[in-house]
Amino acid sequence: MSLFTSLEKEIVLVTGGFQGIGRQVVETFQDEKAIVIAADLAYQNTQLEQKNDQEYQIKLDVSNEKSVQNLAEQLKSQNLTPNILVNVAGISTMDYLVDSKTSDFDKTIAVNTRGTYLVTKYIVKLMVAKKRPGKVVLIASQAGKNGYRAMSAYVASKHAVLSLTKTLAIEVAKDQINVNAVCPGIIETSMKHRERKDGAKIRGLSPDDIEKEDNSQVPLGRTGTPQDVANVVLFLASPLSDYMTGQGINVTGGMTMN
Ligand SMILES: NC(=O)c1ccc[n+]([C@@H]2O[C@H](COP(=O)([O-])OP(=O)(O)OC[C@H]3O[C@@H](n4cnc5c(N)ncnc54)[C@H](O)[C@@H]3O)[C@@H](O)[C@H]2O)c1
């Protein structure tokens, strides 16, 4: 099998496709000639809007059931049911557990865990009805495998994403849909830059101190880029990974090895 399997004419839904890792995933699939639907809270239009031959955009709040239902209905009625779903949308909140706001806990679980549940519930249902082989890639985190200080809600929400990955993988294997998760490490995006500022405040350090600490923890000697993550997403969406399902693949420069 060729390393470069064409994804021409594949329809890919990417949540969180406005910026950061999600935007890189959108562009990476476009480079492979796929048609991409980018869905994100940051867009204005709740109707699917065609941007060019290869991209549609729509406003989506993954934590809101009506918003996810609206997305599913529009994809179906416009004959844009995806055979590849990449759920990237996510948020993080930071504080020590005993000091943290319950509302931050609820918000983080609502977007990262409930959002993953809702998006897979409505979109995988469409994929199954389409009766074509498909791939689901959920962005979890190395925080789905380890504990991290001042990130209890995020850690809990991402452990849950890996549990949804495993269960869904078993349930839709008969429909020829593979479900895997990617567990990024420290990736340079606006989320990470904000976390460095918040973490510095909580720990009485500077963001530069945290950045140095971040780099020192990665065996490969550098933090990751959105492209590092998008490359593995592409692999998990391609026929090259046909015999993989229910996995949580680390993209951490070796920082997490379990
Ligand atoms: N950056 C990292 O170090 C890192 C590490 C591990 C995992 N991740 C995960 O990768 C994913 C992307 O993170 P990023 O670093 O690119 O962050 P980011 O903040 O740059 O991008 C997140 C995107 O998700 C969108 N979004 C947020 N809430 C949403 C909602 N309710 N509905 C729809 N869209 C919503 C935002 O508008 C934004 O476009 C997240 O799930 C994050 O948890 C990031």
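Predicted model: local features only at pLDDT ≥ 70, side-chain atom pairs only at ≥ 80, totals over all residues.
## Ground rules

A residue is called buried if 20 or more other C-beta atoms lie within 10 Å of its own, exposed if 12 or fewer do, and partly exposed in between, with C-beta atoms placed from the backbone.

Residues are numbered from 1 along each chain as its sequence is written.

## Two domains

The protein chain splits into domain 1 (11-185 + 226-244) and domain 2 (189-223); these bounds come from an automatic or database domain assignment. Between the C-alpha centres of domain 1 and domain 2 there are 25 Å. Their contact takes 10 residues from domain 1 and 8 residues from domain 2, where two residues are in contact if their C-beta atoms, placed from the backbone, lie within 7 Å.

What is the side of domain 1 that touches domain 2 made of? Its residues divide into 5 nonpolar, 4 polar and 1 charged. Here Ala, Val, Leu, Ile, Met, Phe, Trp, Tyr, Cys and Pro count as nonpolar, Asp, Glu, Lys and Arg as charged, and the others, Gly among them, as polar.

## Around the ligand

The ligand is surrounded by 30 residues, and the closest are Gly16, Gly20, Gly90, Thr189 and Met191. Helices (H or I, at least four residues) and strands (E, at least two) are DSSP runs, numbered from the N terminus.

Sorted by class, the shell has 15 nonpolar, 12 polar and 3 charged residues.

Two strands pair if DSSP finds at least two bridges between them.

Some of the pairings can be followed strand by strand. Strands β2 (residues 35-40) and β4 (residues 55-59) run parallel and are joined by 5 bridges, with valine 36 opposite glutamate 55 in β4. The parallel pair β5 and β6 has 4 bridges, and isoleucine 84 stands opposite lysine 135 in β6. Next, 6 bridges join β6 to β7, again parallel; there, leucine 138 has alanine 181 in β7 as its bridge partner.

## Buried strands and a helix residue

How covered is β6? Mostly: 6 of its 6 residues are buried. Gly134, Val136 and Leu138 point one way, Lys135, Val137 and Ile139 the other way, and all are buried. As for β7, 8 of its 8 residues are buried, so this strand is largely enclosed by the rest of the structure. One side of β7 carries Ile177, Val179, Ala181 and Cys183, the other Asn178, Asn180, Val182 and Pro184.

Leucine 118 belongs to helix α3 and is buried, because 23 other C-beta atoms lie within 10 Å. Leaving aside neighbours within four places in sequence, leucine 118 is in contact with Val62, Glu65 and Val68. Leucine 118 and valine 68 are 50 residues apart in sequence, yet 6.8 Å apart in space, C-alpha to C-alpha.

## Loops and positive phi

The loop between α4 (152-172) and β7 (177-184) holds lysine 174, which counts as exposed because it has 8 C-beta neighbours inside 10 Å. Lysine 174 and aspartate 242 are 68 residues apart in sequence and 13 Å apart in space, C-alpha to C-alpha. Glutamine 176 lies in the loop between α4 and β7 too, and its phi is near 60°, a positive value in a residue other than glycine.

Lysine 9, in the segment before β1 (11-15), also has a positive phi, near 75°. Lysine 9 counts as exposed, because it has 9 C-beta neighbours inside 10 Å.

Definitions and conventions
Near = placed C-beta within 6 Å.
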